[in-house]
Amino acid sequence: MAQRDAIFPPGRQALYEMHRYSAAIRSGDLLFVSGQVGSREDGSPEPDFETQVQRAFDNLAAVLREAGASFDDIVDVTTFHTDPKAQFDTVLAVKDRAFPAKPYPSWTAIGVTWLAGFDFEIKVIARLPQQQQQG
């Protein structure tokens, strides 16, 4: 079995422990980031949708940073939306700030009916920079 290293952003490990999962797993040169939502520090949902999406991206950035990576290292994005048609333009605006230039990562957007009180979630796979790989 390949070695798996759990990654947790500073100050949020208790939320992951409570639900029994890791923020991300580093395996070789790949980083698999669990779905990130627009939660406040206490884990509650941000009520304003655009702020919730931005917080999800900010939470994602914190996980990437802890692994020594950035948005430039992301190769695949999956997003989950409770109302894709109504939310798409807002999500796209935040996404465009995170990925402003080509080549863009691959992206799959999925409409869902439930996200545990949230309206948006983002999960990614990133290829770690050479110096961050662990064997």
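Colleague: How far apart are the end C-alpha atoms of helix α2, and what should its 18 residues span?

Modeller: This is a predicted model, in which local features need pLDDT of at least 70 and side-chain atom pairs count only at pLDDT 80 or more, while totals for chains, interfaces and linings use all residues. Residues are numbered from 1 along each chain as its sequence is written, and side-chain values use heavy atoms, with hydrogens and water left out. Helices (H or I, at least four residues) and strands (E, at least two) are DSSP runs, numbered from the N terminus, and the expected span of a helix is 1.5 Å times one less than its number of residues. For α2, residues 49–66, that gives 26 Å, and the end C-alpha atoms are 26 Å apart, which agrees.

Colleague: Which residues of α2 are buried?

Modeller: Buried means under 20% relative accessible area, exposed over 50%, and partly exposed in between, with a 1.4 Å probe and protein chains only. In α2 the buried residues include Phe49, Phe57, Leu60 and Leu64, and the helix is followed by Gly68, whose phi is positive, near 80°.

Colleague: How many bridges join β3 to β6, and how many join β4 to β6?

Modeller: Two strands pair if DSSP finds at least two bridges between them. Strand β3 (residues 30–37) runs antiparallel to β6 (residues 120–127) with 6 bridges, and Val33 stands opposite Val124. Strand β4 (residues 74–81) is also antiparallel to β6, through 7 bridges, with Asp76 partnered by Ile125.

Colleague: Is Thr113 buried or exposed?

Modeller: Thr113, in the loop between β5 (106–111) and β6, is exposed, because its relative accessible area is 82%. Its C-alpha atom is separated by 5.4 Å from that of Thr82, 31 residues apart along the chain.
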